[in-house]
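The following note sets out points for a colleague who has the coordinates open.

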Amino acid sequence: MSLYQALLEYQKKEYAPFHTPGHAGRALPSWIFSLDFTELPDTDSLYEASGPILQAEQAAARLFGVPRTLISAGGCTLCIQAMLRLAAPNGGKIVSGRVIHRSAVNTMALLGLEPVWVYPRGDAGPGLPGRIYPEDVEAALIQTQDARAVYLTSPDYYGVIADIPSIARVCKKYNVPLLVDNAHGAHLKFLSKDIHPISLGASMTACSAHKTLPVLTGGAWLNIADERFVQGAKEAMALFGSTSPSYLVMASLDWAREWLESHAADAYPQLEQRVARIREMAQRRGILMPHGMCDPTRISLDMASIGLSGEQGAALLRQHGVEPEYADQAYLVLIATPFHTKEDFARVEEAIRALPCGKPIEHEGLLPPCRPQTVVPPRQAVLGPSEEIPLAKAAGRIAAQAACPCPPGVPVIMPGEKITSEAIKFLIRYGFFSAKVLKC
Ligand SMILES: Cc1ncc(COP(=O)(O)O)c(C=O)c1O
């Protein structure tokens with residue numbers, strides 16, 4: 001079947017789409033799809049913006065209350081690349097949370113950066129990586145006097161949010177910028193309480209607008225609060241970005257900005273209430289959810305707490321006409337937006353009501369038992385000659401690729417780290433059988 005046929009077939013199923021993109025297939029006006037233009041005298045040019053694109057960026061900066069916002073049609077990935085380039089143009093060390101998307105790992109390799117890892121504390125509930133703590137960031141900064149920046153992912157995929165104000169204070173004390181991968185939190189500014197990391201002290205945030213806002217896939221914003229990074233920002237984006245950014249995507253970002261200005265104040269409190277009702281209902285059914293500070297619009301359900309796997313939960317939701325964002329061995333994640341209808345939420349409620357509640361399944365610990373030693377920098381590991389070998393024979397070898405039991409979790413090994421027998425045992429439990437390692 002061709003790709004477009006597969007997409008048409010999926011469309012015919014008419015699932016309530018609790019997954020990205022955040023426009024849920026409904027929010028955007030149909031005329032926007034006719035705007036696939038290019039750089040013309042009337043349409044401006046992303047990397048030399050001086051007309052409507054610059055105005056769109058300036059309007060977004062006003063909305064986020066920062067000196068500079070840049071548009072990306074290359075997703076949050078492009079914003080992460082630019083953010084790291086701006087903070088560490090000539091390589092160096094980055095104190096980084098170990099919950100990290102591969103776009104950041106790859107950028108660190110490309111830019112010759114050396115991460116100093118801070119591990120999350122597993123404090124959000126069983127089966128979840130949990131939060132990075134300010135004390136741990138401070139300890140890493142004391143050890144790493146030459147750190148160029150602190151880099152964090154918050155919220156994580158499950159909506160778990162770190163204590164950004166305290167971490168920002170620590171960063172200020174040591175005079176290093178705080179860079180936040182806010183891929184899942186572009187909407188946090190518009191909640192009944194503004195908890196967007198750029199409002200809470202981050203120096204720069206990479207925001208995947210297309211994940212939670214009415215924006216076409218690939219649309220993102222780089223927000224810059226720290227004036228020192230404003231001047232080189234466009235150049236840093238141009239270093240990695242395509243010279244043919246999609247005007248459809250850029251137009252949708254500007255449309256979303258306007259929509260947020262006029263509708264967010266009503267839409268988000270309503271959404272929070274709807275999600276709160278669903279959470280209460282899930283709780284009454286004995287379903288556990290992440291603890292502590294979390295995104296109030298994300299629905300992350302611990303299916304293991306009622307004796308199911310996340311994948312089984314997802315299959316049951318599909319029977320009720322709901323397609324979730326993500327399911328792993330234990331968790332089921334739904335992205336809720338103001339563009340989901342009453343009927344969509346009713347389907348979720350119906351599905352939750354119908355879930356069979358059995359004896360809880362004990363979580364396999366997701367936090368790796370070991371903290372491997374870095375032997376070579378990521379650049380050498382990712383770009384050097386490598387080979388794929390059976391995992392069982394990989395003890396003592398140097399990883400050329402990250403290995404993570406489930407993509408939004410904590411990688412057990414990162415490129416450049418020595419693979420231990422403990423890491424091998426852990427990964428085999430999660431179905432890994434081979435490893436990409438540096439050639440001897
Ligand atoms: C935490 C995190 N960071 C960054 C990204 C990359 O975002 P994008 O796909 O917009 O490039 C993702 C994508 O899933 C993500 O989950």
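1. Terms and basis. A residue is called buried under 20% relative accessible area, exposed over 50% and partly exposed in between, with a 1.4 Å probe and protein chains only. The model is predicted: local features need pLDDT of at least 70 and side-chain atom pairs count only at pLDDT 80 or more, whereas totals for chains, interfaces and linings use all residues. Residues are numbered from 1 along each chain as its sequence is written, and side-chain values use heavy atoms, with hydrogens and water left out.

2. Aromatic pairs. Rings of Phe, Tyr and Trp (its six-membered ring) are paired if their centres lie within 6.5 Å; planes under 30 degrees apart are stacked, over 60 edge-to-face, and the rest tilted. The count under this rule is 11 aromatic pairs. One of them joins F190 to Y268 in a tilted arrangement, with 6.3 Å centre to centre and 35° between the planes. F190 belongs to the loop between β6 (178-181) and β7 (204-207), while Y268 belongs to helix α9 (residues 247-284), so this pair ties together parts that are 78 residues apart in sequence. Helices here are DSSP runs of H or I with at least four residues, strands are runs of E with at least two, and both are numbered from the N terminus.

3. Burial around Y268. Are F190 and Y268 buried or exposed? Both F190 and Y268 are buried. Y268 also pairs with W259: the ring centres are 6.5 Å apart and the planes stand at 80°, so this pair is edge-to-face. The relative accessibility of W259 is 12%, which means that W259 counts as buried; for Y268 the value is 1%. Ring pairs link F64, F190, W221, W259, Y268 and F339 into a cluster.

4. Charges over rings. A charge is taken to sit over a ring if NZ of Lys or CZ of Arg is within 6 Å of the ring centre and within 35 degrees of the ring normal. The charged end of R121 is placed over the ring of Y133, 4.2 Å from its centre. R371 lies over the face of Y119, and the distance to the ring centre is 4.1 Å.

5. Overall fold. The protein has 13 helices and 14 strands. Its radius of gyration is 22 Å, close to the 22 Å that the globule rule gives for 440 residues, so the protein is as compact as a globular protein of that length. That radius is taken over C-alpha atoms, and the rule is 2.2 Å times the number of residues to the power 0.38. The C-alpha trace spans about 55 × 55 × 50 Å along its principal axes. Of the 440 residues, 58% are buried.

6. Contact means heavy atoms within 4.5 Å. Among contacts with a separation of 6 or more, 71% are between residues 24 or more positions apart. An automatic or database domain assignment gives domain 1 (3-18 + 266-354), domain 2 (30-259) and domain 3 (378-438). The centres of domain 2 and domain 3, taken over C-alpha atoms, are 28 Å apart. Their contact takes 16 residues from domain 2 and 13 residues from domain 3.

7. Helix α4. How many of the 10 residues of helix α4 (residues 102-111) are buried? Seven are, and the helix is mostly covered. These buried residues are S103, A104, V105, T107, M108, A109 and L111. They pack against α3 (75-87), β3 (92-97), β4 (113-118), β5 (147-153), α8 (233-240) and α12 (378-383). Just after α4, G112 has a positive phi of about 70°.

8. Two loop positions. P360 is in the loop between α11 (342-354) and α12 and is exposed, with a relative accessible area of 56%. Beyond its neighbours within four places in sequence, P360 contacts A304, S305 and G307. L288, in the loop between α9 and β9 (298-302), is partly exposed at 44% relative accessible area. Leaving aside neighbours within four places in sequence, L288 is in contact with S300, L301, D302 and S305.

9. A strand residue. R68 lies in strand β2 (residues 68-72) and counts as buried at 15% relative accessibility. Not counting residues up to four places away in sequence, R68 touches L54, E57, A61, L222, N223, I224, V230 and K234.
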